[in-house]
Amino acid sequence: MSTTPLCSKSLLLLAVSALFVGGTALGRDQSDRPPWARKPKSTASASSTSKASSTSASTTAPASAPAGEPGKIVQPTAPIPTDESQDPSAQRGRIRVNVNLVNVLVSVLDDKNRPAPDLAKEAFQLFEEGVEQKIDKFEPETSQPLDLAIMIDSSLSAHKEISFEQEAAAHFIRQVLRPGDRLSVFSFDENVTQLATFSDNVAELQAAVRKMPAGAGTSIYDAVLLGSRALERRGDARRRVIILVTDAGETTSRADFEAARKEAVLSNALLYTIVIRPVKNESGRNTAGEHALETMTDTTGGAMFYPDTPQELGAIFDRIDRELRTQYLLAYYPTPRGPANTYRSIVVTVDPSSYHVRHRKSYLTGSQ
């Protein structure tokens, strides 16, 4: 299967101004008449011109493929929304629903980093901006299906250990998928390429993982941003997960750190980051990329992993699988509601306090 970089469509707002030029025959016939004596202009020619333009556009414009298919380049720029607020026809029949329910996936681990199942709703407390919230929905070991994006760094700097990464990911794909789950495979270097669309076809997904040509740069922020958008398009009532395998050496992204983190928060995706370090000693490598990924991962409620050897990847994937199967789903209606388009911090505690709790740290108001 041949692959080329994946591309999203952008929307353009075109401001069209009509320029009326004098000197036409009609203009000469009526220019010397007062305004009240001039004949109204016929709209027939304008209508026919408009129809011809529309027909021409429909016959010459190439049909674009659905977003998210392999072989399309996705530019890391947000689409520009169209403003239909002034169009009465666009408003008729439209129902606006403001959903304020905030979903929080929670992983609870014991002192040996093992998932802690069978906790009751009463064991949890949830706070937004320091104010305790009523937990309106609670699901232990949530059965919500998974949408997973596995994103593997295929740059030259990370390609040394690529075979270990591919085999560990292939094993994980077979292990993690359950009925209703869907998984997609991405590689990233200077571009982000979707090698397999979301599906439960294990053989196709494993084949995609094993076919990753080496690239030049490393676009980590683009990968997180585009992976989050791909997950967001999958619909609601599903858990969204990004598994990022990289050496953390960001070099070529067009998106920046904040844009990538915001997109991950908006998509409500859990980020699990596995950093393959070519140099173990911190003094011998640039750790700025690692610190940025730690912040981003922590914000989403995911986890960071630093395997000492590539052979440890299998155990890490196994741990992620166990954790995804023992998560708790908490949901609440914020009281009081925060201002629109602001980040709101979330804190979840559990009794007994000896447990380690990992959860989504914030959300953006208006994104729920």
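User: Which residue in β3 is the bridge partner of Leu126?

Analyst: In this predicted model, the bridge partner of Leu126 is Gln133 in β3.

User: What makes β2 and β3 a pair of strands?

Analyst: Pairing requires at least two bridges between the strands. Strand β2 (residues 124-128) and β3 are joined by three bridges, so they count as paired, in the antiparallel sense.

User: Why do β3 and β14 count as edge strands of the sheet?

Analyst: The open sheet has four strands in the order β3-β2-β12-β14, with antiparallel pairing. β3 (131-133) and β14 (362-364) each have a single partner strand, so one side of each has no neighbour in the sheet. From one strand to the next, the twist averages 35 degrees.

User: Why is α6 called roughly parallel to α7?

Analyst: The axes of α6 (residues 220-232) and α7 (residues 257-267) cross at roughly 20 degrees and come within 8 Å. Angles under 35 degrees count as roughly parallel, which means that α6 is roughly parallel to α7. The crossing of α6 past α7 is left-handed.

User: Which residues of α6 and α7 meet?

Analyst: From α6, Tyr221, Val224, Leu225, Ser228, Arg229 and Glu232 are in contact with Phe257, Ala259, Ala260, Glu263, Ala264, Leu266 and Ser267 of α7. By class, this contact comprises eight nonpolar, two polar and three charged residues.

User: How is α7 placed relative to β12 and β14?

Analyst: α7 lies across β12 (343-350) and β14, and runs at about 90 degrees to β14.

Note on methods. Residues numbered from 1 in each chain as written. Predicted model: local features only at pLDDT ≥ 70, side-chain atom pairs only at ≥ 80, totals over all residues. Heavy atoms only, no water. Axes fitted to C-alpha atoms, helices over the stretch in contact; angles between N-to-C directions. Helix = DSSP H or I, 4+ residues; strand = E, 2+ residues; numbered from the N terminus. Parallel < 35°, antiparallel > 145°, perpendicular 65-115°, else oblique. Left-handed = near helix turned anticlockwise from the far one by under 90°. Contact = heavy atoms within 4.5 Å. Nonpolar A, V, L, I, M, F, W, Y, C, P; charged D, E, K, R; others polar.
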